Amino acid sequence: QAKSQGADVVGQPLGGLLFSIAWLLPFLVDAVSYLVSFAALLFIRRPFQPPRTRPATRLRAEIAEGLLWVWRQPFLRAAVAVIGGINLVFNALTLVLIVRAKELGASPALIGVMFAFAGVGGLLGSFVAPRARRSFAARRVLVTVAWLWAAQIGVLALLPNVLGIGIVSGLRSFAAPAFNV
């Protein structure tokens with residue numbers, strides 16, 4: 001969680017800066033990073049997995065077995081549904097926050113700073129997540145954080161400035177590592 005959140009702290013403002021230079025630049029840098037990663041993979045000579053000792057099964061049968069197992073676990077079944085919905089909302093929320101920040105007159109660089117608050121909140125939250133996981137049941141963490149996020153989305157809609165949106169996004173991201181862990 002700390003590595004992922006740390007990447008957000010650097011990546012979000014960098015994306016805003018690159019966008020302020022040229023709108024295509026962050027996408028070009030992202031594409032080049034994938035090409036570099038792909039090229040690096042070509043140099044790996046060791047196999048990623050040891051040879052299988054059990055007989056190979058059909059992928060469709062393995063997927064069905066996994067889905068059936070999750071379906072029989074009431075907590076996991078509910079968690080998968082809730083987390084799927086939350087992921088959908090938060091991916092859309094990113095775009096909504098960019099549009100809202102533009103309406104408030106924010107430059108691309110300021111939008112990057114707004115998202116940096118989320119990265120910092122997540123990074124700080126990653127240090128608290130292990131303790132939260134030890135102190136509270138997973139069910140309590142998931143339900144509490146989901147309600148917290150629902151309330152924060154309402155607050156985000158009412159904020160009149162970009163830095164306020166960034167701070168509330170940072171608070172939202174602070175809870176993400178405990179939710180993910």
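## Close-up views of a predicted model

**View 1. A nonpolar surface patch.** Leu110, Val113, Phe117, Leu163, Ile167 and Leu171 form a nonpolar patch on the surface, with about 480 Å² of accessible area together. Patch residues have over 30% relative accessible area and no salt bridge, and nonpolar side chains are joined within 5 Å. Areas are from the Shrake-Rupley method with a 1.4 Å probe. H5 and helix H7 (162–180) each supply at least two of the patch residues. Leu163 sits in H7. Helices are DSSP runs (H or I, at least four residues), numbered from the N terminus.

This is a predicted model: local features need pLDDT of at least 70, side-chain atom pairs count only at pLDDT 80 or more, and totals for chains, interfaces and linings use all residues. Residues are numbered from 1 along each chain, and side-chain values use heavy atoms, without hydrogens or water.

**View 2. Helix H1 against helix H5.** The axes of H1 (residues 2–21) and H5 (residues 108–135) come within 8 Å and cross at roughly 175 degrees. H1 is therefore roughly antiparallel to H5 (an angle over 145 degrees). Contact means heavy atoms within 4.5 Å. H1 contributes residues including Ala2, Val9, Pro13 and Leu17, and H5 residues including Pro108, Phe115, Val120 and Leu123. The contact residues divide into 12 nonpolar, nine polar and one charged, with Gly counted as polar.

View 3. The structure holds one salt bridge. The side chains of Glu103 and Arg100 meet in it at 3.6 Å, N to O; the cut-off is 4 Å from a Lys or Arg side-chain nitrogen to an Asp or Glu carboxyl oxygen. Both residues lie in H4 (residues 74–103), three residues apart, about one turn of the helix.

Key: Axes fitted to C-alpha atoms, helices over the stretch in contact; angles between N-to-C directions. Parallel < 35°, antiparallel > 145°, perpendicular 65-115°, else oblique. Patch = residues over 30% accessible without salt bridge, like charges linked within 9 Å, V, L, I, M, F, W, Y side chains within 5 Å.
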